[in-house]
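Hi,

Here is the structure I promised to pass on. Have a look at it first, then read my notes below.

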Amino acid sequence: MNEQPKQYKWVGTRAIRPDGVDKVTGRAMYGADLALPGMVEGKVVRSPHAHARIISIDTSKAEALKGVTAVITAADMPVADSKPVASGEAMINFKDLANNVLAREKALYEGQAVAAVAATTAAIAEKAAALVVVNYEVLPHVIDVMEAIKEDAPVLHDDMFTGGVKPKPEKASNVANRVEFALGDAEAGFAAADLVIERKFTTEPVHQGYIEPHAVVADMNPDGKVDVFCSSQGHFMVRAFCSQLLHIEMSKIKVTAAEIGGGFGGKTTVYLEPLAIMLSRKSGRPVRMTMSREEVFRGSGATSGAAMTIKMGATKDGKITGAYAELYLQAGAFPGSPVGPAAMTAFAPYDLDNVKVVGFDVVSNRQKVVAYRAPGAPISEYGVESVVDELASELGIDPIEIRTINAAKEGTQAAYGVKFGTIGFQETLDAAKATEHFKTPLGPNQGRGVASGFWFNIGGESCAGIRVNEDGSISLTEGSPDIGGSRASMALMAAETLGVDYHSIKPSVVDTDAIGYHFVTGGSRVTFATGMAVVEASKAAIDELRARAAKVWDVDVDGVVWEDGHAKPASTNVGDFEPMSLAEIAKVANKTGGPISGHADINAKGAGPAFGTHICDVEVDPDTGHVTVLRYTAVQDAGRAIHPAYVEGQIQGGAVQGIGWALNEEYIYDKNGRLENAGFLDYRVPVASDLPMIDAIIVEVPNPTHPFGVRGVGEVPIIPPLAAVSNAVAAATGVRFNQLPLSPPTILAGIAASK
Amino acid sequence: MRYEAPGSVDEAVKLLADANGAARVLAGGTDLLVQLRAGMISPEVVINIKDISETKGITADGGGFCIGATVSGAEMGEHAALVAAWPGVVEGVELIGSTQIQGRATMVGNLCNASPAADGVPALIAAGATCTVAGPNGQREVPVADIPTGPGKNSLANGEFIVNVKLPARPGNASDAYLRMIPRTEMDIAIVGAGVNLVLDDSGTCTEASVILGAVGPKTITVDAAAAALVGTKVDEAALAACAAAASAAATPIDDKRGTVVYRTKVSGVLASRAAAIAAERARS
């Protein structure tokens with residue numbers, strides 16, 4: 001792909017998003033905004049204990065309360081088998097999912113749902129929830145990952161034996177699984193090194209912090225048909241999970257995607273949806289359920305906290321000769337931490353001969369983790385990028401230079417299996433080095449940190465429909481919930497392909513009855529995969545438009561080409577015809593065969609891996625430990641930025657979330673395993689005044705498998721900040737903390753200890 | 001729940017007294033409404049005092065100021081003369097919440113809510129402010145320092161509410177400052193707060209000082225030793241260091257989700273000395 005980028009008319013422009021006006025005027029319908037006639041309000045009863053056996057649940061008092069229409073417990077739900085079932089690209093254990101949605105035998109974390117009620121008003125539902133009497137036998141609990149793997153730790157699941165280990169362990173434990181990736185011989189690599197650095201790191205679990213809490217309206221008809229309206233990252237996922245959990249045929253469930261106020265991976269599973277359906281079935285009414293912010297923190301997923309060891313060796317001239325990582329990731333109450341991707345991505349930015357990564361998936365009495373932007377990668381790459389920084393500083397090599405010396409490039413064999421195709425890591429390093437930021441001198445108590453990050457990006461199932469309307473306007477349908485401006489991007493790609501005005505295209509995310517299966521909005525896949533479907537659907541529509549023009553001109557379709565939104569004769573041999581615009585062809589569609597459309601139903605392959613390199617300047621107050629982020633630049637290879645403003649938005653948002661992870665975000669538990677900071681007051685995401693404007697720099701090394709070169713951008717930007725911030729703090733203070741978050745008390749204690 | 005909006009002090013006192021402890025006063029409502037929504041309180045009567053003329057406005061009062069109980073943080077921040085005379089008092093109040101909250105939240109509400117971490121209180125106590133308390137037995141003047149008695153508890157008797165706060169007149173070479181420590185830059189609760197009020201003589205020597213710590217005890221702590229460290233000095237480095245040491249020694253914090261004992265103790269001294277330096281600089285200029 002050395003050719004010059006093509007000149008595009010629409011792709012690469014900063015067009016106004018079609019969903020913008022509704023959002024800024026408050027008209028957009030989010031999960032909690034739908035009200036149906038006769039609708040009742042649902043409320044969840046949650047476990048007050050971190051670990052407890054459920055002896056009995058008495059719902060009689062709640063049921064007797066005037067206005068209560070239904071009360072449900074796990075007894076109302078089918079019992080699921082404990083085996084992984086393919087659901088899109090994900091393997092889901094529906095027994096675990098069922099227990100997470102509604103606890104059956106044990107409550108495994110404080111805040112886990114144990115029952116739910118529906119009543120004519122929210123106040124009555126609240127009262128009824130308090131009247132559900134649950135008799136618990138409180139059990140010893142464990143929160144921390146390293147505590148959970150101890151021999152004498154309370155065991156959450158007595159039928160769980162560590163997978164990936166031979167022979168199968170004789171004793172149940174909290175270690176669900178062991179993974180390993182290796183390339184070459186790590187020990188030989190260390191033997192060849194002039195300098196070997198081994199460090200232990202810890203990171204805390206963090207919540208995705210989406211602004212819109214989970215919300216759903218479900219309505220089950222007497223004949224068993226179900227309508228669901230909810231905020232999620234995949235309405236097909238909601239349909240599949242509810243179908244599997246409740247034993248309802250997929251064809252009977254229609255899910256409509258509400259506008260979504262953020263997900264970041266946290267809305268790739270179900271919490272309230274199956275409960276709302278069950279409550280609707282029992283009460284015969286539509287049911288609305290919404291979580292409070294407190295419930296979001298107590299009852300919905302975070303990503304893992306971790307403990308890890310990273311060991312890397314390098315020669316004097318900065319060539320990394322060996323690398324080893326040992327990762328322990330918290331899964332929460334049920335197996336399934338992102339330890340796999342954490343292990344795979346750990347050393348992926350580098351071209352290494354000798355690598356070994358071992359990872360452990362560990363359960364403890366916390367919320368079941370769910371995806372969070374590049375699941376696992378920010379954790380393992382934080383450790384690796386910290387050690388790379390320390391290697392550079394010990395060897396007296398510039399931090400960008402040491403990355404350049406070792407950067408993965410086309411043809412590099414990654415330890416996790418693939419051989420990279422066209423990638424743009426080096427280009428991000430070059431762009432970072434060229435910034436004025438990187439050259440600007442620093443003052444006292446200030447420090448600069450550099451870190452890079454890698455993420456796979458994925459493809460997967462997507463569909464698209466292009467309908468040419470009678471007036472020549474275009475209705476574009478697809479099924480990927482729009483979180484980051486994807487409707488605008490879809491319309492831009494359709495406009496570019498069809499050669500029509502962006503504003504003549506109305507993109508819609510349609511319900512599960514109206515289009516084929518889509519994998520979730522996640523994995524940075526939508527602009528790549530759904531975009532590919534949109535381009536293919538547009539091309540199918542163009543073929544039909546050419547055929548219609550051929551019919552009008554009475555020539556062979558091969559004699560008609562499509563250029564700049566018009567059908568034209570391929571050559572003068574075909575005949576002398578005035579080009580026909582899309583609108584002109586649409587106008588006479590009824591005479592040439594009826595309505596014109598194009599469709600594509602694909603499983604997109606060839607997602608392009610992406611890299612980012614971030615530069616962070618901080619100032620640390622040596623007397624209070626307070627960190628101020630002075631300046632932040634984030635460089636990323638987007639492949640092709642279809643809509644640069646939304647690419648920059650993704651880069652800035654990801655960087656901010658990563659900075660929050662690095663500085664202040666953490667869950668605080670009391671001695672009973674109860675969360676003490678279930679709200680944004682004490683769970684400290686950065687606020688606007690905390691940060692400078694994040695300078696986003698887009699690098700474009702096109703992905704050859706996508707028609708416009710798209711790689712996907714949503715996840716990479718959350719990976720580098722953890723190490724970029726902590727490397728900057730190390731530079732400012734002279735102290736390496738090797739633990740997150742870098743909250744003021746931690747920093748002050750570290751400075752005091754170093755003196 | 002009943003809602004009342006009396007038009008006079010007497011009417012409000014009667015409603016409060018009749019409710020016999022089951023009433024809550026509504027001024028800005030930024031604590032009250034949150035507590036109601038969270039189910040922390042369920043009063044029988046909510047009494048809005050914003051229709052009472054004596055609770056409104058900021059008036060110059062014999063060189064000092066009288067600030068009504070329903071005056072918002074934003075109103076205080078926009079009052080140039082008040083800001084010039086008592087910058088520390090105003091900056092403490094202005095740290096409460098966001099811009100939107102500032103349009104509602106009141107200093108008197110912050111005082112009565114009696115949070116040990118209240119940002120509006122340390123500088124107010126350092127200023128030697130008093131307040132007018134109305135009750136069934138008429139009105140009385142009370143030092144604001146006597147209002148909070150412990151976390152969430154105040155000294156107001158049944159039927160009483162605060163009508164206004166009075167800041168005294170002061171000489172030219174005087175000023176104050178308030179600093180707080182939060183991990184973020186706003187929208188947070190103080191881990192440590194420090195208010196300092198100073199008077200300098202013409203030579204720049206400190207003649208009077210008051211140092212008040214917040215968030216490091218069940219109520220604010222008046223650190224006389226820290227004030228003594230400043231009096232008689234030019235508020236130089238040695239005096240500031242002694243002030244810091246005295247403040248750290250006086251702090252009685254707890255470990256909680258917002259901070260540790262070690263951290264709060266150290267930072268109490270850091271903020272007290274920094275606030276003293278700012279107040280001195282303001283007094284000199």
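Which domains does the domain assignment give for chain B? There are two entries: domain 1 covers 2–48 + 55–167, and domain 2 covers 174–284. These bounds come from an automatic or database domain assignment.

Some housekeeping before the rest. This is a predicted model, where local features need pLDDT of at least 70 and side-chain atom pairs count only at pLDDT 80 or more, while totals for chains, interfaces and linings use all residues. Residues are numbered from 1 along each chain as its sequence is written, and chains are lettered from A and ligands numbered from 1 in the order in which they are written.

Now chain B as a whole. You'll find eleven helices and 14 strands in it (DSSP runs numbered from the N terminus: H or I for helices, at least four residues; E for strands, at least two). Its radius of gyration is 19 Å, which agrees with the value near 19 Å for a compact globule of 285 residues (taken over C-alpha atoms; the rule is 2.2 Å times the number of residues to the power 0.38). Of those 285 residues, 52% are buried, meaning that 20 or more other C-beta atoms, placed from the backbone, lie within 10 Å of the residue's own.

Back to the two domains. The centres of domain 1 and domain 2 of chain B are 24 Å apart, taken over C-alpha atoms. Their contact takes 23 residues from domain 1 and 26 residues from domain 2 (in contact means C-beta atoms, placed from the backbone, within 7 Å). On the domain 1 side, helix 5 of chain B gives the largest share, five residues. By class, that side has 15 nonpolar, six polar and two charged residues (Ala, Val, Leu, Ile, Met, Phe, Trp, Tyr, Cys and Pro are nonpolar; Asp, Glu, Lys and Arg are charged; the others, Gly among them, are polar).

What about the inside? The largest nonpolar core has 338 residues, and Cys243(B) is one of those with the most contacts inside it (such a core is a set of buried Ala, Val, Leu, Ile, Met, Phe, Trp, Tyr and Cys residues joined through C-beta atoms within 7 Å). Leaving aside neighbours within four places in sequence, Cys243(B) touches residues including Val211(B), Ala272(B) and Ala276(B).

Lastly, the chains meet too: 15 residues from chain B and 17 residues from chain A are in contact. Helix 11 (residues 261–284) supplies the largest share of chain B's side, four residues.

Cheers

Terms used
A residue is buried if 20 or more other C-beta atoms lie within 10 Å of its own, exposed if 12 or fewer, and partly exposed in between; C-beta atoms are placed from the backbone. Two residues are in contact if their C-beta atoms, placed from the backbone, lie within 7 Å.
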